[in-house]
Amino acid sequence: MKNKYQKTIYACFIGYVVQAIINNFIPLLFLTFQKNYGVPLSQITFLVTFNFGVQLLVDLLAVSFVDRIGYRASMLIAHGAAALGLIFLTILPAVLPSAFAGLLISVCVYAVGGGLLEVLVSPVMESCPTENKEAAMSLLHSFYCWGHVGVVLISTVFFRFVGIEHWRALALLWAIVPLFNGFLFLTTPIAPLIEEGETGLSLKELFRLKLFWIFMLMMVCAGASEQAVSQWASTFAEKGLGVAKTIGDLAGPMSFAILMGTSRAIYGKYGDRIDLDHFMVCSGLLCIVSYLVIVFIPNPVFGLIGCALCGLSVGIMWPGTFSKGSASIRNGGTAMFALFALAGDVGCSGGPTLVGLISGRFGDNLKAGILAAVIFPVLLLIGIYLCRKTKTDTAPTP
């Protein structure tokens with residue numbers, strides 16, 4: 001039985017690599033787009049907000065159609081959209097009257113794929129028979145981190161030795177990954193998320209469960225705790241080490257992603273020996289410490305160290321909350337996973353937004369914004385405590 005689903009597990013791993021490509025490739029080209037297409041930087045940076053906005057919308061809409069058309073069809077649509085968006089990126093900005101419109105259309109298409117993948121990959125992995133589902137989920141999410149590292153490193157090397165003017169060729173090469181994985185999902189077995197004869201909870205039933213709202217809060221805090229610092233990691237690297245932006249991108253975001261992936265891989269390897277609650281509590285406390293290091297130690301090199309520690313600390317938050325939710329809310333189904341993904345994405349956009357707003361109020365003092373973001377790991381720790389005090393929720397009796 002386990003061997004039967006090994007191919008499915010590998011395809012899920014690659015699914016998160018595809019998600020990493022979608023989210024992390026285009027920001028590497030911002031200045032190139034500005035130079036080649038004459039698009040203002042304010043419009044170009046809006047592409048990131050637009051990407052996550054579309055993914056949020058897809059997270060919400062997925063509740064209504066994934067169960068109807070099935071997980072396999074939804075996976076094929078997700079990978080097809082991801083590949084098509086990357087291909088469009090190489091064509092539409094150059095042929096449409098407005099280059100920015102071409103960029104928006106391309107981002108919109110691959111963001112649909114990204115949003116669907118976020119909803120689909122975790123429940124498909126959860127349905128696979130594994131000995132320790134919490135550890136398997138953590139290992140799965142580590143592949144987003146390794147994908148992030150791979151995208152930044154491979155793209156940087158490509159731009160350095162082949163030339164950034166050939167970025168379209170690289171975009172087409174990245175498009176091969178979702179195409180390949182889409183073909184994998186054509187034949188991989190997909191186990192039912194809900195046992196035969198049972199039905200998943202409706203939205204109304206989910207909304208009546210206390211634990212559901214606790215996990216939704218935890219997902220918001222997990223996304224916010226991660227992105228509140230990772231979005232600024234390159235800035236800390238450049239200021240702390242006094243290096244060029246290319247090296248700053250490698251030292252900042254990559255160190256964050258490597259340590260975040262390491263945290264997830266450690267739990268994925270040794271999860272059968274580590275209590276998930278204890279691991280998450282220790283991670284939440286380390287996250288708070290990393291924020292305080294960034295804020296209160298004046299040496300900017302320690303700001304970079306704080307960013308790296310933050311990556312290590314937030315690794316388990318997202319997959320850990322997914323696993324706790326799946327284990328605690330029986331038959332949560334697609335609706336629960338989709339809403340968890342929605343809450344996580346809200347946190348991913350809300351965390352950096354809060355940091356930026358507070359920093360602006362204090363004269364662009366980034367440390368003031370980071371200090372305000374301490375509220376997210378604190379609330380996550382409160383959520384873990386409330387989970388312990390709340391009994392396992394099941395479907396309400398009709």
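Select Ser127. Is this residue buried or exposed? Ser127 counts as buried, because its relative accessibility is 13% and the cut-off for buried is under 20%. Keep in mind that you are looking at a predicted model.

Now colour helix H5, residues 99–127; Ser127 is found there. Show the side chain of Ser127 and find Ala191. The side chain reaches the backbone oxygen of Ala191 at 3.2 Å. Which residues does Ser127 touch, leaving out those up to four places away in sequence? They are Lys133, Ala191, Pro192 and Leu193.

**Next stop: a surface patch**

Select Leu153, Ile154, Val157, Phe161 and Val162. They form a nonpolar patch on the surface. Together they have about 470 Å² of accessible area. Pick out Ile154, which lies in helix H6, residues 133–163. Ile154 counts as partly exposed because its relative accessibility is 46%.

**Next stop: Pro178**

Go to helix H7 and select Pro178. At 1% relative accessibility, Pro178 counts as buried. Then select Gly80. Along the chain, Gly80 and Pro178 are 98 residues apart. Their C-alpha atoms are separated by 7.0 Å.

**Next stop: the salt bridges**

Side chains of opposite charge can pair when their charged atoms come close. How many salt bridges does a search of the whole structure find? It finds three.

Begin with Arg264 and Glu226. Their side chains meet in a salt bridge, 3.7 Å from N to O. The pair links distant parts of the chain, 38 residues apart. Arg264 is in helix H12 (residues 253–270), and Glu226 is in helix H9 (residues 210–230). Arg264 counts as buried at 2% relative accessibility. Glu226 is buried too, with a relative accessible area of 6%.

Move on to Lys324 and Asp277. They form a salt bridge whose closest N and O atoms are 2.6 Å apart. Lys324 lies in helix H15 (residues 317–328) and Asp277 in helix H13 (residues 276–296), so the pair ties together parts that are 47 residues apart in sequence. Both Lys324 and Asp277 are buried. For Asp277, the relative accessible area is 16%.

The side chains of Arg388 and Asp277 meet in a salt bridge, 3.5 Å from N to O. Arg388 lies in helix H18 (residues 375–389), so this pair with Asp277 in helix H13 ties together parts 111 residues apart in sequence. Arg388 counts as partly exposed, at 47% relative accessibility. Show the trio at once: Asp277, Lys324 and Arg388 are linked in a network of salt bridges.

**Last stop: the whole model**

Zoom out. The protein has 18 helices and zero strands. Of its 398 residues, 55% count as buried. The protein exposes about 16800 Å², and carbon and sulfur atoms supply 67% of that. Among contacts between residues at least 6 apart in sequence, 83% join residues at least 24 apart.

Finally, colour by pLDDT. The average is 86, and 90% of the residues score at least 70. Where is confidence lowest, and where is it highest? Confidence is lowest in helix H10 (residues 233–241), at a mean of 63, and highest in helix H7 (residues 167–187), at 96. Now select residues 394–398. Their pLDDT is below 50. Beyond near neighbours in sequence, this stretch has five contacts in the model. Where pLDDT is low, the predicted coordinates should not be read in detail.

Note on methods
Residues numbered from 1 in each chain as written. Predicted model: local features only at pLDDT ≥ 70, side-chain atom pairs only at ≥ 80, totals over all residues. Heavy atoms only, no water. Helix = DSSP H or I, 4+ residues; strand = E, 2+ residues; numbered from the N terminus. Buried < 20%, exposed > 50% of the residue type's maximum accessible area, 1.4 Å probe, protein only. Polar contact = N/O pair within 3.5 Å; in protein donor to acceptor, adjacent residues only side chain to side chain. Contact = heavy atoms within 4.5 Å. Patch = residues over 30% accessible without salt bridge, like charges linked within 9 Å, V, L, I, M, F, W, Y side chains within 5 Å. Areas by Shrake-Rupley, 256 points an atom, 1.4 Å probe, with all protein chains shown as cover. Salt bridge = Lys/Arg side-chain N within 4 Å of Asp/Glu carboxyl O. pLDDT = per-residue confidence, 0-100.
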